[in-house]
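Below are a few exercises to work through, each with a solution you can check against the structure.

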2 protein chains.
Amino acid sequence: MTITGPVVLDAMGGDHGPAETVAGAVEARRAHGVPIILVGAEAQLSRELRRHEAEGEIAVVPAPHAVPMSERGAAAAALTGSSLAVGCDLVHQGVGGSFVSAGSTGAVVTCAVRGIGRAAGVLRPALAVALPSLRGGATVLVDAGATADPSPTMMAQFARLGIGYARSVLGRPDPIVGLLSIGSEPGKGNRLTCQAEELLTGLPLPFTGNIEGHEVLSGRADVIVTDGFTGNVVLKTIEGCVRTVLTMAAREGAAAPERLAGVARRYAPETHGGATLLGLRGTVVIAHGSSRATTIARACAVAHALAGTAPGTEAATS
Amino acid sequence: MTITGPVVLDAMGGDHGPAETVAGAVEARRAHGVPIILVGAEAQLSRELRRHEAEGEIAVVPAPHAVPMSERGAAAAALTGSSLAVGCDLVHQGVGGSFVSAGSTGAVVTCAVRGIGRAAGVLRPALAVALPSLRGGATVLVDAGATADPSPTMMAQFARLGIGYARSVLGRPDPIVGLLSIGSEPGKGNRLTCQAEELLTGLPLPFTGNIEGHEVLSGRADVIVTDGFTGNVVLKTIEGCVRTVLTMAAREGAAAPERLAGVARRYAPETHGGATLLGLRGTVVIAHGSSRATTIARACAVAHALAGTAPGTEAATS
């Protein structure tokens, strides 16, 4: 059991701003016992903390600039003094044990790579998301959106990072790896995936070969490797598909909406607690931009738990 | 109203072979009034036709070789005498008005391009699938798996092909086009998608910009353009996700399985009648490999209706 530093929370990230992030920090502290450092516009954060009578419980580190949610945010994130840059630097310095943001994925990835740094040997980071599978466990989709144009070698590293995550976070001792493609046989796919498949086949990994789209949620593989473009499209397609199917079922009177809510919750960002950025020197959890306080709190709890196991570093060196 | 020739059906394609394809041909003929030419192993097809007492109703053109469902099938399909090659040639010669196969997508695409030929100016064909959307209509996903590594120019052509399909098949006079990507703003995506977005923005098309995965089924766009790799992964992910969500809902007792079946049917291959290969000189419908007789019959009916409107040719020249 490692004792890890507090979770550094980007209080300016997300669609709803400090009102929700600060409420989430308070909930993380009070409901989950997670120590938090808030980073952002000092006066605003103090005001929010006062509303929760939590000024003594949670530290604030000032960061004058907020990073906008737009793609341009990724460039702006480089600004010294943004809540992302300051937050990542706190983890780099060892003041914080992990970093959480509901900001734009692109901006968080850019800042985290620059501020926290990649683990030894890792070419590009990858985003891991645990999806509930039909068999009852979870499947790790990696990369779910960090690196849109990886090389085949980077994708082989994503497999190792995913294995590390499945072992340390999902407690799966011998995770099976599949490669997302458009046919189950070797040699099916686009150029990138075919090259990645050749590499994966040659590595000493528990590689089961190609996995097709309809098997993503089936539980056939514990780790599903793909490029960040395809992975992000798949992740969001599942999100939209779950919503569509349940709305249609409710509309057709197949079941009352509240009875279907249980299934919806399984695939909601609230449940999985956000995506984890693997391959860095520190733990980074990216919460959904639409996150409310409870989701932020859960992301903080996940980040705190993960920081103890440090899956990024372990995976990179395995 | 154009009078079109009979539907040429590859009787050897699909997971279940002639027993189902011939039954499907008989159903297409008797239930939908569609004229059919069966292509395949003559003795076997005659035997199946006798079982339905349909020997006088449906013509058989012999093709000695069956194309296996495996990827290797794509190469084997080039063999003169395969049911795919003979079938496509019948359309090329004008004997048949359209071609239907439940064979391997790769093999059908290879054979159709070679045997029927691309429409003037079309660089690569694209597979179109109409997905039911939350707004009640359908959205055309194009390319759903014909061209795994298109160029940006090819993707701009897919937009035109998709518009032609939406107009002629879905009866949408002014279809809106979206580009599948991983962020709604311009400049978000992988290299290929960003280049395609630049091209699409410069064309006189009703282009609404990037569409994210969670909007695929929302109805925001009538035509969603993507490369054949991403499109096929998305199509199959939706297929698996619908099954998973409805299975989970049934397991949790949210609704009886038979009450959920209506939603499942909307996304079943039986409903959409197969994928249409656009950009060729003739209509080609690819049915799901697992198709049973009723699905084959529906694919034949769709092909026959489409042949009258010839969306591939229209789209290519628009």
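The exercises below go from the overall fold to single residues, and the model is a predicted one.

**Exercise 1. Get an overview of chain A: how many helices and strands does chain A have, and what share of its residues count as buried?**

Step 1: Start with the secondary structure. Chain A comes to 12 helices and 11 strands.

Step 2: Now check burial. Chain A has 318 residues, and 58% of them count as buried.

Step 3: Look at contacts along the chain. Take the contacts in chain A with a separation of 6 or more; residues 24 or more positions apart account for 70% of those.

**Exercise 2. Trace the sheet of chain A: in what order do the strands lie, and which are the edge strands?**

Step 1: Walk across the sheet. It is open, it has 11 strands, and the order reads E3-E2-E1-E4-E11-E10-E5-E6-E9-E7-E8, with mixed pairing.

Step 2: Find the ends. Strand E3 (59-62) and strand E8 (207-211) of chain A each pair on one side only, which makes them the edge strands.

Step 3: Zoom in on one pair. Strand E4 (residues 98-101) and strand E11 (residues 283-286) of chain A run parallel and are joined by 4 bridges. Within this pairing, A:Ser101 has A:Ile286 in E11(A) as its bridge partner.

**Exercise 3. Why does A:Ala148 count as buried, and which residues does it touch?**

Step 1: A:Ala148 lies in the loop between strand E6 (138-142) and helix H6 (152-168) of chain A.

Step 2: Compare with the cut-off. Buried means under 20% relative accessible area. A:Ala148 counts as buried because its relative accessibility is 19%.

Step 3: List the neighbours, leaving out residues up to four places away in sequence. A:Ala148 touches A:Asp227, A:Gly228 and A:Phe229 in chain A, plus B:Ile182, B:Gly189 and B:Asn190 from chain B.

Step 4: A:Thr226 is 78 residues from A:Ala148 along the chain, and their C-alpha atoms are separated by 9.9 Å.

**Exercise 4. Describe how H8(A) and H8(B) cross: what is the angle, and what is the handedness?**

Step 1: Pick what to look for. Two packed helices are described by the angle between their axes and the distance between the axes.

Step 2: Read off both values. The axes of helix H8 (residues 228-251) of chain A and helix H8 (residues 228-251) of chain B cross at roughly 35 degrees and come within 9 Å.

Step 3: Assign the hand: the crossing of H8(A) and H8(B) is right-handed.

Step 4: Sort the residues. Those in the contact of H8(A) with H8(B) divide into 16 nonpolar, 4 polar and no charged. Among them are A:Phe229, A:Val233 and A:Leu246 in H8(A), and B:Phe229, B:Val233 and B:Leu246 in H8(B).

Terms used: Residues numbered from 1 in each chain as written. Chains lettered and ligands numbered in written order. Predicted model: local features only at pLDDT ≥ 70, side-chain atom pairs only at ≥ 80, totals over all residues. Heavy atoms only, no water. Axes fitted to C-alpha atoms, helices over the stretch in contact; angles between N-to-C directions. Helix = DSSP H or I, 4+ residues; strand = E, 2+ residues; numbered from the N terminus. Left-handed = near helix turned anticlockwise from the far one by under 90°. Contact = heavy atoms within 4.5 Å. Nonpolar A, V, L, I, M, F, W, Y, C, P; charged D, E, K, R; others polar. Pairing = 2+ DSSP bridges. Buried < 20%, exposed > 50% of the residue type's maximum accessible area, 1.4 Å probe, protein only.
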